[in-house]
Amino acid sequence: MHESARDQLARYRQLRTIQRDLNRILPDMLPRNAIPECGTLLGVYKDDTLVLGSESEMSVLMDYCLYDYRWDGHNVIERYVSQTPIEAGSDKRILLDAMLKPRYSLFVVDDVVSGLGVQTRDLFRGDSGFIVDVALSETAVKRFVLACRIISPDNGRLSMTTGAGLPIDRPIMERIIQEIPERFGKTGGEIAQMPPDKAAEFSAAIIRSCLEGNASSRMTYEDVAEETTKTIPKIGRNEPCPCGSGKKYKRCCGKEI
């Protein structure tokens, strides 16, 4: 591996470790109605029960909760930054600054660098970039399309996923292409300039189409997403569900179809 690639991989691993730590902390700051509300938007919360087609879908749901769920105008990441002393210029601060400016979209893979990541194009915004993601570099092929969220720390010199992505096949793509331009804009500029509430609707529309098309059965993701999932819930299957439904966890958010 070229020296610059080795440096990039080392930096990625540094930031990924911090991201895992944050993904253990942030879910505990969410209000208990976040999961039901977000689950309803994504189509996985029905009849007061979170119904999951696979364990992977919890990772997708939690990613949406952390980045797109807002109460009193702020998401949990913004609240954490405002409430927690963080040294300016530290790696943690650099990562959090990137987490405050995420991008959710469809990314088509133009090239694969094994052991490092993938060169991609944003199908809605039109620009290109390299995403460092070791697991993705081992599974993706050219023309593979992935719905995911990315963050770009170090002033955009490095891009990485937030850990939960959904593969797009032709039927899912056709469904998304029919819905997105009409609702959210037909140009890259319109998509890029969406306010947070509209961006949350945008990502929800894509995720819902993916889940309805059973994309989660084919998804792969780095263990940062697994760490997020492990924090929900820290309870036994026979204990009350943390979503506030009043049901046992095994009959509510712990239920799988």
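## Close-up views of a predicted model

**View 1. The crossing of helices α7 and α9 is right-handed.** The model shown here and in the other views is predicted. Helix α7 covers residues 170-184 and helix α9 residues 196-212. They pack at an angle of about 160 degrees, and their axes are 9 Å apart. An angle over 145 degrees counts as roughly antiparallel, and α7 and α9 are therefore roughly antiparallel to each other. On the α7 side, the contact is made by Ile172, Arg175, Ile176, Glu179, Ile180, Arg183 and Phe184. On the α9 side, the contributing residues are Lys198, Glu201, Phe202, Ala205, Ile206, Arg208, Ser209, Cys210 and Glu212. By class, the residues of this contact divide into 8 nonpolar, 1 polar and 7 charged.

**View 2. An open sheet is formed by 5 strands in the order β5-β4-β3-β6-β7.** The pairing in the sheet is antiparallel. Strands β5 (128-132) and β7 (160-167) stand at the edges, and each has a single partner strand, so one side of each is left without a neighbour in the sheet. From one strand to the next, the twist averages 45 degrees.

**View 3. Strand β6 pairs with β3 and with β7.** Strand β6 consists of residues 145-151 and is joined to β7 by 5 bridges, the two strands running antiparallel. Strand β3, residues 103-113, pairs with β6 over 6 bridges, also in the antiparallel sense. Cys148 of β6 is the bridge partner of Ser105, and Cys148 also stands opposite Gly165 in β7. Helix α3 (residues 56-68) lies across β6 and β7 and runs at about 130 degrees to β7.

**View 4. Strands β3 and β4 form a hairpin with 3 residues between the strands.** Strand β4 comprises residues 117-122, and its antiparallel pairing with β3 extends over 6 bridges. Val108 has Arg121 in β4 as its bridge partner. In this hairpin, Gly115 takes a positive phi near 85 degrees.

**View 5. The loop between β6 and β7 contains Asn155.** Asn155 is not a glycine, yet its phi is positive, at about 55 degrees. The relative accessible area of Asn155 is 75%. Values over 50% count as exposed, so Asn155 is classed as exposed.

**View 6. Asp48 lies in the loop between β1 and β2.** Asp48 has a positive phi of about 60 degrees although it is not a glycine.

**View 7. Helix α2 has buried residues that pack against β1, β2, α3 and α9.** Helix α2 covers residues 34-42. Ala34, Ile35, Pro36, Cys38, Gly39 and Leu42 of this helix are buried. Their packing partners include helix α3, which lies across β6 and β7, and helix α9, which packs with α7 at an angle of about 160 degrees. Gly43 follows α2, and the phi of Gly43 is positive, near 85 degrees.

Methods: Residues are numbered from 1 along each chain as its sequence is written. This is a predicted model: local features need pLDDT of at least 70, side-chain atom pairs count only at pLDDT 80 or more; totals for chains, interfaces and linings use all residues. Side-chain values use heavy atoms; hydrogens and water are left out. Two strands pair if DSSP finds at least two bridges between them. Helices (H or I, at least four residues) and strands (E, at least two) are DSSP runs, numbered from the N terminus. Axes are lines fitted to C-alpha atoms, for helices over the stretch in contact, and angles run from 0 to 180 degrees between N-to-C directions. Contact means heavy atoms within 4.5 Å. Angles under 35 degrees count as roughly parallel, over 145 as roughly antiparallel, 65 to 115 as roughly perpendicular and the rest as oblique. A crossing is left-handed if the near helix is turned anticlockwise from the far one by less than a right angle, and right-handed if clockwise. Ala, Val, Leu, Ile, Met, Phe, Trp, Tyr, Cys and Pro count as nonpolar, Asp, Glu, Lys and Arg as charged, and the others, Gly among them, as polar. Buried means under 20% relative accessible area, exposed over 50%, partly exposed in between (1.4 Å probe, protein chains only).
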